[in-house]
Amino acid sequence: MKNPWNIINPPVYSLATYNNNKVNMNISTYVTAVSLKPKQYVVAVYQNTKSLDNLRTNKQVLLQLLGASQVGLVNPLGKKSGFTYDKDLYLQKYQNLEEWKGYDTLPNLSAIILLKKKWSKVTGDHTLFLFDVLAARSFHNDPLTLQHLREKKLVRI
């Protein structure tokens, strides 16, 4: 029997953070909307990551809801460290980045959300961030989910 937190099938996001005109993207499933008015999200970011470093110095980020066709991004964005692997170079070379609201973003997303950091709190092996939603746009209703990652054997859950 699966643990309770492994029963659910959450969507897979990529949090885009920025530093010195370079983008870093990760893979995030610990993400949830927590308020309607104002619209807010909580995102848990793993400790000792480039994403966390970038979040310490920048207030705005993009939360990208990946599309099912983007399952191939899990390895380069989620299983490689931004400290040792230049994700900006990879993304510029292979992903044909687009611009939205002045930020580099992935093409073919299911949705995108511009967030502004309100506060953070260290909790275990992650830091929780509360964000206000500044803008959002949906593109299609075929999001990448944890079940897709299970089927492709990219996670052992």
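1. Ground rules. The model is predicted, so local features need pLDDT of at least 70 and side-chain atom pairs count only at pLDDT 80 or more, while totals for chains, interfaces and linings use all residues. Residues are numbered from 1 along each chain as its sequence is written, and side-chain values use heavy atoms, with hydrogens and water left out.

2. Salt bridges in total. Side chains of opposite charge can pair when their charged atoms come close. Here a salt bridge means a side-chain nitrogen of Lys or Arg within 4 Å of a carboxyl oxygen of Asp or Glu. The whole structure holds three of them.

3. Aspartate 86 and lysine 22. Their side chains form a salt bridge, with N to O at 2.9 Å. The pair links distant parts of the chain, 64 residues apart: aspartate 86 sits in the loop between helix 3 (74–78) and helix 4 (87–94), and lysine 22 in strand 2 (residues 22–25). Helices (H or I, at least four residues) and strands (E, at least two) are DSSP runs, numbered from the N terminus. Aspartate 86 is partly exposed at 34% relative accessible area, and lysine 22 is partly exposed at 37%. On this scale buried is under 20%, exposed is over 50% and partly exposed lies in between, using a 1.4 Å probe and protein chains only.

4. Arginine 56 and aspartate 53. The closest N and O atoms of this salt bridge are 3.0 Å apart. Arginine 56 is exposed, at 55% relative accessible area, whereas aspartate 53 is partly exposed, at 32%.

5. Lysine 118 and aspartate 132. In this salt bridge the closest N and O atoms are 3.8 Å apart. Lysine 118 lies in strand 8 (residues 111–123) and aspartate 132 in strand 9 (residues 126–138), 14 residues apart, and the pair links distant parts of the chain. Lysine 118 is partly exposed, with 48% relative accessibility.

6. Strands 3 and 4. Strand 3 (residues 31–35) and strand 4 (residues 40–46) run antiparallel and are joined by four bridges; two strands pair if DSSP finds at least two bridges between them. A hairpin of four residues connects strand 3 to strand 4. Serine 35 stands opposite glutamine 40 of strand 4.

7. Serine 81. This residue is in the loop between helix 3 and helix 4 and is partly exposed, at 32% relative accessible area. A polar atom of the serine 81 side chain lies 3.0 Å from the backbone nitrogen of phenylalanine 83.

Key:
Polar contact = N/O pair within 3.5 Å; in protein donor to acceptor, adjacent residues only side chain to side chain.
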